[in-house]
Amino acid sequence: MASKDKYTVILPTYNERRNLPIITWLLHRTFTANELDWELIIVDDGSPDGTLTVAKQLQKLYTPERIILKPRAGKLGLGTAYVHGLQFARGTYVIIMDADFSHHPKFITDMIRVQKTRDYDIVTGTRYAGDGGVYGWDLKRKLVSRGANLFADTVLRPGVSDLTGSFRLYKRAVLEKVIAQTESKGYTFQMEMMVRAKAMGCSVAEVPISFVDRVYGESKLGGDEIVEFAKGVGKLWMKV
């Protein structure tokens with residue numbers, strides 16, 4: 001799968017000290033095995049568990065050319081973390097994913113392969129199509145996630161099976177254009193990004209993925225995020 005393109009992975013982190021070495025090694029193995037040029041931008045929001053210290057050690061191991069550290073002083077939100085990291089991206093394509101190991105880098109090769117078939121603007125991982133799935137969640141959380149996607153799909157009709165998914169590959173120019181129009185900063189950020197991208201006429205393909213609950217640490221999804229999501233769907237319905 002050798003290619004002249006460069007792939008930038010933007011990885012927001014908060015208390016991911018134990019997960020970060022694993023995900024970095026898997027990214028290195030995936031890109032190296034497929035002879036692809038890559039870089040990893042780590043945006044740490046002042047993690048109190050020493051995530052940044054681990055990131056600096058990884059930078060020494062993999063070199064500053066591969067591992068780029070762009071930390072921030074505090075927890076400022078997922079959306080702004082991507083905006084911040086994107087400023088330093090040098091790749092033709094940008095991959096966004098979670099650092100908690102719920103998104104396995106092995107699916108990146110499928111995303112790249114599918115993107116090349118029809119020069120898609122965006123390829124998004126989906127838990128709710130094909131042989132995609134969710135593992136490690138209790139029934140309540142599965143129902144909340146599936147219900148949120150069905151609710152958003154019914155109201156907004158974007159034509160994407162996993163609207164809240166956060167494992168995606170973008171053409172960098174497309175991501176820059178879409179992110180400039182996106183207003184959300186928290187849990188609804190991914191949803192708004194996709195809805196606006198579809199409204200702008202971007203081509204989108206889906207790749208089934210296996211989503212596994214985080215290996216270490218605690219989930220950051222709570223009741224406030226669910227309320228925020230419902231409000232976000234309403235605002236998007238009125239604007240887009």
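Reader: What percentage of the residues in the protein is buried?

Author: The model is a predicted one. A residue counts as buried when its relative accessible area is under 20%. Of the 240 residues in the protein, the share that is buried comes to 50%.

Reader: How many helices and how many strands are there in the protein?

Author: The elements are numbered from the N terminus, helices with H and strands with E. The protein has eight helices, and its strands number nine.

Reader: In which sense do E1 and strand E2 pair, parallel or antiparallel?

Author: Strands of a sheet pair through backbone hydrogen bonds, in one of two senses. E2 covers residues 37–44, and eight bridges join E2 to E1. Pro-12 has Val-43 in E2 opposite. The sense of the pairing between E1 and E2 is parallel.

Reader: Is Trp-38 buried or exposed?

Author: Trp-38 is found in strand E2. Leaving aside neighbours within four places in sequence, Trp-38 is in contact with residues including Tyr-7, Leu-27, Phe-31 and Ile-67. Because the relative accessibility of Trp-38 is 1%, this residue counts as buried.

Reader: How far apart in space are Trp-38 and Val-94?

Author: In sequence, 56 residues separate Trp-38 from Val-94. In space, taken from C-alpha to C-alpha, the two are apart by 9.7 Å.

Reader: Among contacts between residues at least 6 apart in sequence, what percentage joins residues at least 24 apart?

Author: A contact here means heavy atoms within 4.5 Å. Among contacts in the protein between residues at least 6 apart in sequence, the share that joins residues at least 24 apart is 80%.

Reader: Are H1 and H2 roughly parallel or roughly antiparallel to each other?

Author: H1 and H2 pack at an angle of about 30°, and their axes are 10 Å apart. Angles under 35 degrees count as roughly parallel. H1 and H2 are therefore roughly parallel.

Reader: How many nonpolar residues does the contact of H1 with H2 have?

Author: From H1 come Leu-20, Pro-21, Thr-24, Trp-25 and His-28, which meet Thr-51, Val-54, Ala-55, Leu-58 and Tyr-62 of H2. By class, this contact of H1 with H2 has no charged residues and three polar ones, while the nonpolar residues number seven.

Reader: Is H6 roughly parallel or roughly perpendicular to H7?

Author: Helix H6 (residues 172–181) packs with helix H7 (residues 189–199) at an angle of about 110°, the axes being 9 Å apart. Because angles of 65 to 115 degrees count as roughly perpendicular, H6 relative to H7 is roughly perpendicular.

Reader: Which residues of H7 make the contact with H6?

Author: H6 contributes Leu-175, Val-178, Ile-179 and Gln-181. The residues of the contact of H6 with H7 are six nonpolar, one polar and two charged. On the side of H7, the contact is made by Phe-189, Glu-192, Met-193, Arg-196 and Ala-197.

Reader: What covers the buried residues of H3?

Author: Helix H3 spans residues 78–86, and its buried residues are Gly-79, Ala-81, Tyr-82, His-84, Gly-85 and Leu-86. The elements that cover them include E1, E2, E4, H6 and H7.

Reader: Where is Asn-15, and what is its phi?

Author: Asn-15 has its place in the loop between strand E1 (6–13) and helix H1 (20–33). At 30% relative accessibility, Asn-15 counts as partly exposed. Its phi is positive, in a residue other than glycine, and is near 55°.

Reader: In which loop does Asp-119 lie?

Author: Phi of Asp-119 is near 55°, a positive value in a residue other than glycine. Asp-119 has a relative accessible area of 44% and is therefore partly exposed. The loop in which Asp-119 lies is the one between helix H4 (107–118) and strand E5 (122–126).

Notes: Residues are numbered from 1 along each chain as its sequence is written. This is a predicted model: local features need pLDDT of at least 70, side-chain atom pairs count only at pLDDT 80 or more; totals for chains, interfaces and linings use all residues. Side-chain values use heavy atoms; hydrogens and water are left out. Axes are lines fitted to C-alpha atoms, for helices over the stretch in contact, and angles run from 0 to 180 degrees between N-to-C directions. Helices (H or I, at least four residues) and strands (E, at least two) are DSSP runs, numbered from the N terminus. Angles under 35 degrees count as roughly parallel, over 145 as roughly antiparallel, 65 to 115 as roughly perpendicular and the rest as oblique. Ala, Val, Leu, Ile, Met, Phe, Trp, Tyr, Cys and Pro count as nonpolar, Asp, Glu, Lys and Arg as charged, and the others, Gly among them, as polar. Buried means under 20% relative accessible area, exposed over 50%, partly exposed in between (1.4 Å probe, protein chains only). Two strands pair if DSSP finds at least two bridges between them.
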